[in-house]
Amino acid sequence: MKINRRFLGCLSMVVILSCFAGQTLSLKAASLFSNSTTKKQLFAVPEGGWSSINVKVDYIERYSSSGNNNTLNHRSKCVSYARAYATSCPTVSVGNVAHSNGKSFTSWTKEAVMYDGSVWDGCSYWSNYGSVTYSKTTSVTGNLPFILSCDGAVPASSSGSVQLAFK
Amino acid sequence: MKKKIKILILLGLCLVATCLIGASVLAHTTTSTKLAAWGRYLNDKNHDASVADDIYAQGEKTCITTKDIEQVQNFYMLSGKDEKTAWEEAVQYVKEREALYQAAIDNGYSVTDQEVWDYIDELKKTVDSADNKEDALAIIRQFDSEQDYWNYEFSVYQKNLPIQNYVHDIEQTFMQRSASSKKASNEIESEWQQYFEQLKTDLINKENYQIVNK
(Lines give C-alpha, C1' and ligand atoms only; values in the text may rest on other atoms or scores of the structure.)
Protein backbone atom coordinates (compact mmCIF):
# COMPACT_ATOMS: atom_id res chain seq x y z
CA MET A 1 0.00 0.00 0.00
CA LYS A 2 2.77 2.41 1.04
CA ILE A 3 4.79 1.57 -2.04
CA ASN A 4 1.77 2.24 -4.23
CA ARG A 5 1.23 5.68 -2.60
CA ARG A 6 4.90 6.59 -3.04
CA PHE A 7 4.75 5.39 -6.60
CA LEU A 8 1.63 7.46 -7.23
CA GLY A 9 3.28 10.48 -5.59
CA CYS A 10 6.37 10.23 -7.81
CA LEU A 11 4.26 9.63 -10.89
CA SER A 12 2.22 12.75 -10.08
CA MET A 13 5.37 14.80 -9.73
CA VAL A 14 6.66 13.50 -13.05
CA VAL A 15 3.34 14.36 -14.72
CA ILE A 16 3.29 17.87 -13.19
CA LEU A 17 6.92 18.57 -14.14
CA SER A 18 6.28 17.30 -17.65
CA CYS A 19 3.41 19.77 -18.04
CA PHE A 20 5.73 22.67 -17.14
CA ALA A 21 8.55 21.37 -19.31
CA GLY A 22 6.10 21.26 -22.19
CA GLN A 23 5.52 25.01 -21.89
CA THR A 24 7.66 27.29 -24.04
CA LEU A 25 8.34 30.82 -22.91
CA SER A 26 7.34 33.26 -25.52
CA LEU A 27 10.00 36.00 -25.85
CA LYS A 28 9.29 38.87 -28.17
CA ALA A 29 12.66 40.08 -29.42
CA ALA A 30 12.84 43.83 -29.93
CA SER A 31 12.94 44.77 -33.60
CA LEU A 32 15.48 47.37 -34.54
CA PHE A 33 17.45 48.95 -37.35
CA SER A 34 20.98 49.87 -36.33
CA ASN A 35 24.21 51.10 -37.83
CA SER A 36 27.46 52.58 -36.56
CA THR A 37 30.55 54.31 -37.88
CA THR A 38 34.00 55.04 -36.55
CA LYS A 39 36.19 58.01 -37.42
CA LYS A 40 39.75 58.78 -36.37
CA GLN A 41 40.73 62.42 -36.99
CA LEU A 42 44.11 64.17 -36.73
CA PHE A 43 44.40 67.91 -36.12
CA ALA A 44 47.75 69.66 -36.77
CA VAL A 45 48.60 72.01 -33.89
CA PRO A 46 51.01 74.99 -33.76
CA GLU A 47 53.80 73.39 -31.71
CA GLY A 48 54.34 70.91 -34.56
CA GLY A 49 52.49 67.88 -33.15
CA TRP A 50 48.93 66.55 -33.33
CA SER A 51 45.71 66.52 -31.39
CA SER A 52 43.61 63.47 -32.25
CA ILE A 53 40.16 62.09 -31.58
CA ASN A 54 38.77 58.63 -32.30
CA VAL A 55 34.97 58.25 -32.19
CA LYS A 56 32.37 55.51 -32.62
CA VAL A 57 28.86 56.74 -33.33
CA ASP A 58 25.84 54.39 -33.07
CA TYR A 59 22.34 55.06 -34.42
CA ILE A 60 19.43 52.75 -33.51
CA GLU A 61 15.74 52.87 -34.46
CA ARG A 62 13.43 50.47 -32.59
CA TYR A 63 10.08 49.55 -34.12
CA SER A 64 7.00 47.38 -33.84
CA SER A 65 5.33 45.75 -36.84
CA SER A 66 1.67 45.65 -37.74
CA GLY A 67 0.45 44.38 -41.08
CA ASN A 68 2.43 46.04 -43.86
CA ASN A 69 3.77 48.83 -41.63
CA ASN A 70 6.54 49.42 -39.10
CA THR A 71 6.06 52.00 -36.35
CA LEU A 72 9.40 53.48 -35.30
CA ASN A 73 8.81 54.57 -31.71
CA HIS A 74 12.21 54.76 -30.02
CA ARG A 75 15.52 55.95 -31.41
CA SER A 76 18.92 56.25 -29.78
CA LYS A 77 22.22 57.87 -30.55
CA CYS A 78 25.45 56.97 -28.80
CA VAL A 79 28.97 58.38 -29.14
CA SER A 80 32.13 56.94 -27.62
CA TYR A 81 35.39 58.88 -27.88
CA ALA A 82 39.08 58.70 -27.07
CA ARG A 83 41.30 61.75 -27.53
CA ALA A 84 44.92 62.79 -27.18
CA TYR A 85 45.98 66.42 -26.88
CA ALA A 86 48.29 68.80 -25.05
CA THR A 87 46.98 72.36 -25.44
CA SER A 88 44.22 72.16 -28.09
CA CYS A 89 41.32 69.89 -27.05
CA PRO A 90 39.41 68.12 -29.89
CA THR A 91 35.65 67.64 -29.45
CA VAL A 92 32.78 65.64 -30.98
CA SER A 93 29.29 67.04 -31.40
CA VAL A 94 26.42 64.73 -32.42
CA GLY A 95 23.44 66.29 -34.19
CA ASN A 96 19.75 65.41 -34.42
CA VAL A 97 18.34 62.45 -36.32
CA ALA A 98 16.63 63.44 -39.56
CA HIS A 99 14.57 61.18 -41.83
CA SER A 100 14.83 61.70 -45.58
CA ASN A 101 11.13 62.64 -45.76
CA GLY A 102 11.85 65.80 -43.73
CA LYS A 103 10.91 64.45 -40.29
CA SER A 104 13.49 65.37 -37.64
CA PHE A 105 13.83 64.52 -33.96
CA THR A 106 15.15 67.34 -31.80
CA SER A 107 14.21 66.38 -28.22
CA TRP A 108 16.62 63.91 -26.60
CA THR A 109 16.94 62.49 -23.10
CA LYS A 110 20.36 61.55 -21.75
CA GLU A 111 20.41 57.97 -20.45
CA ALA A 112 22.91 55.97 -18.43
CA VAL A 113 25.44 53.94 -20.40
CA MET A 114 28.30 51.59 -19.62
CA TYR A 115 31.45 51.64 -21.70
CA ASP A 116 34.91 50.11 -21.80
CA GLY A 117 37.09 52.61 -19.97
CA SER A 118 40.25 50.89 -21.26
CA VAL A 119 39.28 51.83 -24.84
CA TRP A 120 37.24 55.02 -24.52
CA ASP A 121 37.71 58.21 -22.51
CA GLY A 122 33.98 58.91 -22.47
CA CYS A 123 30.60 57.87 -23.81
CA SER A 124 27.19 59.52 -24.12
CA TYR A 125 23.80 57.96 -24.90
CA TRP A 126 20.53 59.71 -25.70
CA SER A 127 17.01 58.51 -26.56
CA ASN A 128 13.99 60.00 -28.32
CA TYR A 129 10.52 58.43 -28.15
CA GLY A 130 8.78 60.11 -31.07
CA SER A 131 6.61 57.79 -33.20
CA VAL A 132 6.43 57.54 -36.98
CA THR A 133 4.89 54.83 -39.16
CA TYR A 134 6.31 53.73 -42.50
CA SER A 135 5.49 50.97 -44.92
CA LYS A 136 7.75 47.91 -44.60
CA THR A 137 8.99 48.63 -48.11
CA THR A 138 9.63 52.33 -47.46
CA SER A 139 12.53 54.10 -49.13
CA VAL A 140 12.75 56.60 -46.25
CA THR A 141 16.17 56.58 -44.59
CA GLY A 142 17.55 58.08 -41.37
CA ASN A 143 20.66 60.21 -40.95
CA LEU A 144 22.65 61.06 -37.82
CA PRO A 145 25.33 63.73 -38.44
CA PHE A 146 28.32 64.53 -36.23
CA ILE A 147 31.23 66.96 -36.27
CA LEU A 148 34.79 66.56 -34.97
CA SER A 149 36.51 69.88 -34.26
CA CYS A 150 39.60 71.37 -32.65
CA ASP A 151 39.81 75.10 -32.05
CA GLY A 152 42.95 76.68 -33.52
CA ALA A 153 44.02 73.51 -35.36
CA VAL A 154 44.21 72.51 -39.04
CA PRO A 155 41.81 71.31 -40.23
CA ALA A 156 39.46 73.13 -37.86
CA SER A 157 36.73 70.51 -38.20
CA SER A 158 35.60 67.37 -40.02
CA SER A 159 32.11 65.97 -40.40
CA GLY A 160 30.66 62.47 -40.58
CA SER A 161 27.30 60.73 -40.40
CA VAL A 162 25.56 57.40 -39.80
CA GLN A 163 22.88 56.31 -42.28
CA LEU A 164 20.00 53.88 -41.66
CA ALA A 165 17.58 52.23 -44.08
CA PHE A 166 14.17 51.26 -42.65
CA LYS A 167 13.52 48.06 -44.52
CA MET B 1 9.22 72.77 -75.44
CA LYS B 2 8.79 70.20 -72.66
CA LYS B 3 11.97 68.45 -73.86
CA LYS B 4 13.90 71.74 -73.73
CA ILE B 5 12.71 72.40 -70.17
CA LYS B 6 13.78 68.89 -69.10
CA ILE B 7 17.23 69.42 -70.68
CA LEU B 8 17.60 72.77 -68.89
CA ILE B 9 16.61 71.24 -65.53
CA LEU B 10 19.09 68.38 -66.08
CA LEU B 11 21.89 70.82 -66.96
CA GLY B 12 21.05 72.87 -63.86
CA LEU B 13 21.26 69.81 -61.60
CA CYS B 14 24.61 68.82 -63.17
CA LEU B 15 25.92 72.33 -62.52
CA VAL B 16 24.84 72.22 -58.86
CA ALA B 17 26.40 68.78 -58.39
CA THR B 18 29.68 69.95 -59.98
CA CYS B 19 29.78 73.00 -57.71
CA LEU B 20 29.20 70.87 -54.59
CA ILE B 21 31.88 68.34 -55.54
CA GLY B 22 34.25 71.14 -56.52
CA ALA B 23 33.74 72.89 -53.18
CA SER B 24 34.53 69.68 -51.30
CA VAL B 25 37.68 69.03 -53.36
CA LEU B 26 38.73 72.66 -52.98
CA ALA B 27 38.33 72.51 -49.18
CA HIS B 28 40.50 69.39 -48.99
CA THR B 29 43.05 70.87 -51.42
CA THR B 30 43.20 74.03 -49.31
CA THR B 31 43.90 71.98 -46.16
CA SER B 32 46.57 69.91 -47.94
CA THR B 33 48.16 73.08 -49.34
CA LYS B 34 48.23 74.70 -45.89
CA LEU B 35 49.72 71.58 -44.30
CA ALA B 36 52.34 71.19 -47.03
CA ALA B 37 53.41 74.81 -46.43
CA TRP B 38 53.45 74.08 -42.70
CA GLY B 39 55.60 70.99 -43.28
CA ARG B 40 58.08 73.03 -45.37
CA TYR B 41 58.31 75.66 -42.61
CA LEU B 42 58.91 73.02 -39.89
CA ASN B 43 61.56 71.24 -41.98
CA ASP B 44 63.40 74.50 -42.79
CA LYS B 45 63.28 75.67 -39.17
CA ASN B 46 64.37 72.27 -37.91
CA HIS B 47 67.54 72.45 -40.03
CA ASP B 48 68.28 76.14 -39.50
CA ALA B 49 70.80 76.34 -36.67
CA SER B 50 71.17 80.07 -37.22
CA VAL B 51 67.68 80.87 -35.86
CA ALA B 52 68.25 82.74 -32.59
CA ASP B 53 66.48 81.51 -29.49
CA ASP B 54 65.93 84.84 -27.71
CA ILE B 55 63.87 84.85 -24.56
CA TYR B 56 60.73 86.92 -25.14
CA ALA B 57 59.22 86.64 -21.66
CA GLN B 58 60.45 85.23 -18.34
CA GLY B 59 58.16 83.45 -15.88
CA GLU B 60 58.68 82.23 -12.31
CA LYS B 61 59.98 78.81 -13.45
CA THR B 62 59.88 78.88 -17.25
CA CYS B 63 60.34 81.23 -20.18
CA ILE B 64 58.93 81.65 -23.66
CA THR B 65 61.15 82.28 -26.68
CA THR B 66 60.73 84.44 -29.77
CA LYS B 67 61.50 81.37 -31.90
CA ASP B 68 58.55 79.44 -30.43
CA ILE B 69 56.21 82.42 -30.79
CA GLU B 70 57.23 82.97 -34.42
CA GLN B 71 56.50 79.29 -35.19
CA VAL B 72 52.98 79.53 -33.77
CA GLN B 73 52.49 82.92 -35.47
CA ASN B 74 53.42 81.31 -38.79
CA PHE B 75 50.89 78.52 -38.17
CA TYR B 76 48.10 81.01 -37.48
CA MET B 77 49.01 83.10 -40.54
CA LEU B 78 48.83 79.94 -42.69
CA SER B 79 45.33 79.45 -41.23
CA GLY B 80 44.34 82.90 -42.49
CA LYS B 81 44.90 85.23 -39.53
CA ASP B 82 46.58 88.61 -40.03
CA GLU B 83 50.14 89.12 -38.74
CA LYS B 84 49.21 91.18 -35.65
CA THR B 85 46.39 88.86 -34.48
CA ALA B 86 48.56 85.82 -35.20
CA TRP B 87 51.40 87.25 -33.05
CA GLU B 88 49.09 88.12 -30.11
CA GLU B 89 47.43 84.70 -30.16
CA ALA B 90 50.81 82.99 -30.59
CA VAL B 91 52.18 84.68 -27.45
CA GLN B 92 49.14 83.42 -25.51
CA TYR B 93 49.45 79.89 -26.95
CA VAL B 94 53.15 79.54 -26.14
CA LYS B 95 52.53 80.84 -22.59
CA GLU B 96 49.81 78.20 -22.18
CA ARG B 97 52.04 75.39 -23.45
CA GLU B 98 55.03 76.34 -21.31
CA ALA B 99 52.89 76.85 -18.19
CA LEU B 100 51.17 73.48 -18.74
CA TYR B 101 54.56 71.79 -19.21
CA GLN B 102 55.89 73.28 -15.97
CA ALA B 103 52.73 72.20 -14.12
CA ALA B 104 53.08 68.69 -15.55
CA ILE B 105 56.69 68.45 -14.35
CA ASP B 106 55.80 69.93 -10.93
CA ASN B 107 53.09 67.25 -10.56
CA GLY B 108 55.41 64.35 -11.39
CA TYR B 109 54.58 63.81 -15.07
CA SER B 110 58.15 63.91 -16.45
CA VAL B 111 58.93 61.24 -19.07
CA THR B 112 62.06 59.39 -20.20
CA ASP B 113 63.41 59.46 -23.75
CA GLN B 114 62.30 55.83 -24.15
CA GLU B 115 58.75 56.70 -23.12
CA VAL B 116 58.72 59.44 -25.77
CA TRP B 117 59.99 57.04 -28.45
CA ASP B 118 57.35 54.49 -27.37
CA TYR B 119 54.71 57.19 -27.76
CA ILE B 120 56.10 58.11 -31.20
CA ASP B 121 55.62 54.44 -32.20
CA GLU B 122 51.97 54.67 -31.09
CA LEU B 123 51.60 58.00 -32.91
CA LYS B 124 52.87 56.38 -36.13
CA LYS B 125 50.05 53.79 -35.83
CA THR B 126 47.51 56.53 -35.09
CA VAL B 127 48.63 58.50 -38.16
CA ASP B 128 48.60 55.37 -40.33
CA SER B 129 45.02 54.48 -39.34
CA ALA B 130 43.59 58.02 -39.33
CA ASP B 131 40.79 58.90 -41.75
CA ASN B 132 42.76 62.00 -42.76
CA LYS B 133 46.13 60.24 -43.03
CA GLU B 134 46.75 62.31 -46.17
CA ASP B 135 46.85 65.47 -44.01
CA ALA B 136 49.74 63.99 -42.02
CA LEU B 137 51.50 62.81 -45.19
CA ALA B 138 51.24 66.35 -46.61
CA ILE B 139 53.51 67.46 -43.75
CA ILE B 140 55.77 64.38 -43.61
CA ARG B 141 56.56 64.60 -47.35
CA GLN B 142 58.13 68.06 -46.80
CA PHE B 143 60.87 66.62 -44.58
CA ASP B 144 64.12 65.27 -46.01
CA SER B 145 63.00 61.80 -44.92
CA GLU B 146 60.21 60.23 -42.90
CA GLN B 147 62.71 59.41 -40.14
CA ASP B 148 63.75 63.06 -40.13
CA TYR B 149 60.11 63.93 -39.46
CA TRP B 150 59.74 61.48 -36.59
CA ASN B 151 63.03 62.70 -35.10
CA TYR B 152 61.51 66.18 -35.15
CA GLU B 153 58.31 64.87 -33.52
CA PHE B 154 60.47 63.36 -30.77
CA SER B 155 61.62 66.89 -29.85
CA VAL B 156 57.97 68.09 -29.87
CA TYR B 157 56.72 65.25 -27.67
CA GLN B 158 59.53 65.58 -25.13
CA LYS B 159 57.38 68.50 -23.97
CA ASN B 160 53.90 67.47 -25.24
CA LEU B 161 53.82 63.98 -23.71
CA PRO B 162 54.11 65.14 -20.07
CA ILE B 163 51.42 67.76 -20.80
CA GLN B 164 49.15 65.16 -22.46
CA ASN B 165 49.47 62.73 -19.55
CA TYR B 166 48.88 65.51 -16.98
CA VAL B 167 45.84 66.93 -18.80
CA HIS B 168 44.39 63.46 -19.44
CA ASP B 169 44.39 62.63 -15.73
CA ILE B 170 42.81 65.98 -14.81
CA GLU B 171 40.12 65.45 -17.46
CA GLN B 172 39.34 61.92 -16.27
CA THR B 173 38.96 63.14 -12.68
CA PHE B 174 36.68 65.95 -13.86
CA MET B 175 34.53 63.61 -15.98
CA GLN B 176 34.19 61.04 -13.20
CA ARG B 177 33.07 63.77 -10.81
CA SER B 178 30.53 64.99 -13.38
CA ALA B 179 29.26 61.52 -14.34
CA SER B 180 26.96 61.27 -11.32
CA SER B 181 25.30 64.59 -12.12
CA LYS B 182 22.09 64.80 -14.14
CA LYS B 183 23.65 67.24 -16.59
CA ALA B 184 23.51 66.56 -20.32
CA SER B 185 26.75 65.29 -21.88
CA ASN B 186 27.18 68.37 -24.05
CA GLU B 187 26.82 70.49 -20.89
CA ILE B 188 29.53 68.47 -19.12
CA GLU B 189 31.79 68.75 -22.18
CA SER B 190 31.23 72.51 -22.30
CA GLU B 191 32.08 72.73 -18.58
CA TRP B 192 35.28 70.75 -19.20
CA GLN B 193 36.30 73.13 -21.98
CA GLN B 194 35.73 76.08 -19.65
CA TYR B 195 37.59 74.34 -16.82
CA PHE B 196 40.54 73.61 -19.13
CA GLU B 197 40.69 77.22 -20.34
CA GLN B 198 40.57 78.47 -16.75
CA LEU B 199 43.32 76.00 -15.76
CA LYS B 200 45.56 77.40 -18.50
CA THR B 201 44.79 80.97 -17.42
CA ASP B 202 45.53 80.17 -13.77
CA LEU B 203 48.85 78.50 -14.69
CA ILE B 204 49.88 81.51 -16.82
CA ASN B 205 49.01 83.87 -13.95
CA LYS B 206 51.08 81.71 -11.60
CA GLU B 207 54.10 82.06 -13.94
CA ASN B 208 53.63 85.85 -14.01
CA TYR B 209 55.47 86.22 -17.34
CA GLN B 210 57.42 89.46 -17.78
CA ILE B 211 58.40 90.55 -21.28
CA VAL B 212 62.19 90.93 -21.56
CA ASN B 213 62.61 91.26 -25.34
CA LYS B 214 60.05 93.26 -27.34
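About 3100 Å² of area is buried between chain A and chain B in this predicted model. Carbon and sulfur atoms give 54% of that area.

Now let's count who meets whom. On one side we have 30 residues of chain A, and they are in contact with 48 residues of chain B. Between the two chains there are 16 residue pairs in polar contact, both partners having pLDDT 80 or more. Several strands of chain A take part: β1 (31-44), β2 (50-66), β3 (69-84) and β8 (122-128) each supply at least two residues to the side that touches chain B. The most comes from β1(A), with six residues. By type, that side of chain A splits into 14 nonpolar, ten polar and six charged residues.

What about salt bridges? The count between chain A and chain B is two. In one of them, R83(A) pairs with E189(B), and their closest N and O atoms are 3.0 Å apart.

Let's finish with T87(A), so please find the loop between β3 and β4 (90-94) of chain A, where T87(A) lies. Is T87(A) buried or exposed? Its relative accessibility is 3%, and buried means under 20%, so T87(A) counts as buried. Leaving out residues up to four places away in sequence, T87(A) touches E47(A) from its own chain, and from chain B it touches Y93(B), E96(B), R97(B), L100(B), F196(B) and K200(B). Thanks, everyone!

Note on methods
Residues are numbered from 1 along each chain as its sequence is written. Chains are lettered from A and ligands numbered from 1 in the order in which they are written. This is a predicted model: local features need pLDDT of at least 70, side-chain atom pairs count only at pLDDT 80 or more; totals for chains, interfaces and linings use all residues. Side-chain values use heavy atoms; hydrogens and water are left out. Contact means heavy atoms within 4.5 Å. Buried area is the accessible area (1.4 Å probe) that two parts lose on being put together, summed over both. A salt bridge is a side-chain nitrogen of Lys or Arg within 4 Å of a carboxyl oxygen of Asp or Glu. A polar contact is a pair of N or O atoms within 3.5 Å; within protein, one must be able to donate a hydrogen and the other to accept it, and residues adjacent in sequence count only if both atoms are side-chain atoms. Helices (H or I, at least four residues) and strands (E, at least two) are DSSP runs, numbered from the N terminus. Ala, Val, Leu, Ile, Met, Phe, Trp, Tyr, Cys and Pro count as nonpolar, Asp, Glu, Lys and Arg as charged, and the others, Gly among them, as polar. Buried means under 20% relative accessible area, exposed over 50%, partly exposed in between (1.4 Å probe, protein chains only).
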